[in-house]
Amino acid sequence: MNITQTKPSLPLPPGKFGLPIIGETIGFLRDADFIEKRVKKYGSLFKTSIFGRPTIVLVGAEANRFILTNDKYFAIAWPQSTKILLGPLSLSVQEGSQHQSRRKLLSYAFQPKALAGYLPSMERITLEYLQKWEKLGKLTWYPQLRDYTFDVASSLLVGEDSSFETNISQLFKDWCDGLFTIPIPLPWTKFGRALYCRKEILDHIEKIVLRRQAEQNPGQDALGLLLQAGDDEGNGLSLAELKDQVLLLLFAGHETVTSALGTLCLCLAQHPEVLALARAEVLQVAPDGCLTAENLRQMTYLEMVLKEVLRLVPPVGGGFRKVVKTCEFNGYSIPEGWVALYQIAHTHEDSSIYSQPEQFDPERFSPERAEDKQKPFGYLPFGGGMRECLGKAFAQLVMKVFAAHLVRDYTWELLPNQSLELIRVPTPHPKDGLQVNFRRSLPL
Ligand code: HEM
């Protein structure tokens, strides 16, 4: 394969732009098979127009590697709706040296020492929610999972407890619903509603920031680190930036994890044999139910289950980049000014990497099979390169703590007459919210 600066004669990838301005955006957002259909027709590299911009979709491990490791050709480029809703000072929008310095700063909140410190609070919140669900018996789980993950993120990253008691979790839901939309700022559009929610959430965050600024000790959570940070002249971060960064952490810290936990709960309900194996492991490794960094590490089967959840239904399906310099890939030109979209979900469905990719099969991650190790960038639920997920270790920890307590002590069945169809945008979630009968399991 040849990856160099393009010769003028190279063709553009096959594909169609669709309608003027909106291009193929509606199909991209609504048709779950949008990419698959085009891959069948044009191959793993095709052009389209999404969110008002000419876009090249690149599918496969090799393409992921190309995009995620070639920073001279590609830079972050969220759709306009996402960019506006995240805010201009958000880490995920920042570029160059500013991005690097903020990323370095925030990474302290996700280092092993910080994570070990989060464990007791994570467990406490998890047990509170599990007991609440046990009392409810029948429940629509997905919105409850969202409250749970939001509580974990706001408590551990921003130091705010029980935020779900305010309606901020609902504001976040409506804000998320506007992330991938055509940005028409009218009150009745999803984007218009999301803009309103952004303002409301920022007002709420401002109060938290001002309160924390007034305290003597800023603390070591993510907000504490941001409050102590300064530029070379010793100036602290502006209030506007603090607000955008907290908004990002709260959003990124809970929406994706909710999706992953929803898939975990669904897959375990459908695969009782996997639940039984995971349960036996947790009971053996942590007989008293007390979790530590060490016994969590020993839960290797549970680890495989969680990896498989993130392979089968990755919460983030792919990522947008702008092409900053014309380049070529597999004999096609990738022109400057266009957008490139790399694919996580479709890479995870590649049958040249994963045997029977549509099956839920945690053993594919066993040391003997190690299917994910076959190709670099063939398994990438957290993305890769310099924009790899900052909260990866935090997310893995919450998922494991939640899963360990859940499989150890509980059992649940899916209620009949519900749609389990996955809605993919903004993050994959079951259409009817995952209705279950939830109870404590009998001792083994
Ligand atoms: C299972 C849960 C999660 C998944 C699957 C996930 C996935 C991802 C992916 C794929 C990206 C890269 C997007 C791209 O390439 O454009 C990303 C970026 C990011 N994630 Fe996560 N994430 C998860 C949880 C979290 C959590 C818990 C946090 C924070 C507490 C977080 C914070 C971030 C941030 C700040 C970025 C932007 C990094 C940058 O631009 O430098 N994520 N995430």
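Predicted model: local features only at pLDDT ≥ 70, side-chain atom pairs only at ≥ 80, totals over all residues.

Trainee: Which protein atom is the donor of the iron atom of the ligand?

Mentor: Start by listing N, O and S atoms within 2.8 Å of the metal. Here the only protein donor is the SG atom of Cys389, at 2.3 Å from the iron.

Trainee: Next, the shell. Which residues come nearest to the ligand?

Mentor: There are 27 residues around the ligand, and the nearest are His99, Arg103, Arg321, Tyr342 and Cys389. For some of these we can look at polar atoms. The side chain of histidine 99 has an N or O atom 2.7 Å from an oxygen atom of the ligand. Arginine 103 likewise places a polar side-chain atom 2.7 Å from a ligand oxygen, and for tyrosine 342 the distance from a polar side-chain atom to a ligand oxygen is 2.6 Å.

Trainee: Which elements give two or more residues to this shell?

Mentor: Those elements are α5 (96-107), α11 (239-270) and α16. The largest share, 5 residues, is from α11.

Trainee: How do the residues of the shell divide into nonpolar, polar and charged?

Mentor: The count is 18 nonpolar, 6 polar and 3 charged.

Trainee: Now the sheet. What should I read off, and what is the strand order?

Mentor: The general idea is that strands of a sheet pair through backbone hydrogen bonds, either parallel or antiparallel. In this case 5 strands form an open sheet with mixed pairing, in the order β1-β2-β8-β5-β3.

Trainee: Why is one side of β1 and of β3 left without a neighbour in the sheet?

Mentor: β1 (45-50) and β3 (74-76) are at the edges and have a single partner strand each, so one side of each has no neighbour in the sheet. From one strand to the next, the twist averages 35°.

Trainee: How many bridges join β1 to β2?

Mentor: The two strands run antiparallel and are joined by 6 bridges, with β2 covering residues 53-58. As one example, isoleucine 50 has arginine 53 in β2 as its bridge partner.

Trainee: And which strands does helix α2 touch?

Mentor: Helix α2 (residues 34-42) packs on the sheet and touches β1, β2 and β8 (339-343), with its direction at about 135° to that of β1. Helix α3 (residues 61-69) also packs on the sheet, touching β2, β3, β5 (318-323) and β8, and its direction makes about 130° with that of β8.

Conventions
Residues numbered from 1 in each chain as written. Heavy atoms only, no water. Donors = N, O, S within 2.8 Å, 3.2 Å for Na, K, Ca; no water. Near = heavy atom within 4 Å. Polar contact = N/O pair within 3.5 Å; in protein donor to acceptor, adjacent residues only side chain to side chain. Helix = DSSP H or I, 4+ residues; strand = E, 2+ residues; numbered from the N terminus. Nonpolar A, V, L, I, M, F, W, Y, C, P; charged D, E, K, R; others polar. Pairing = 2+ DSSP bridges. Axes fitted to C-alpha atoms, helices over the stretch in contact; angles between N-to-C directions. Contact = heavy atoms within 4.5 Å.
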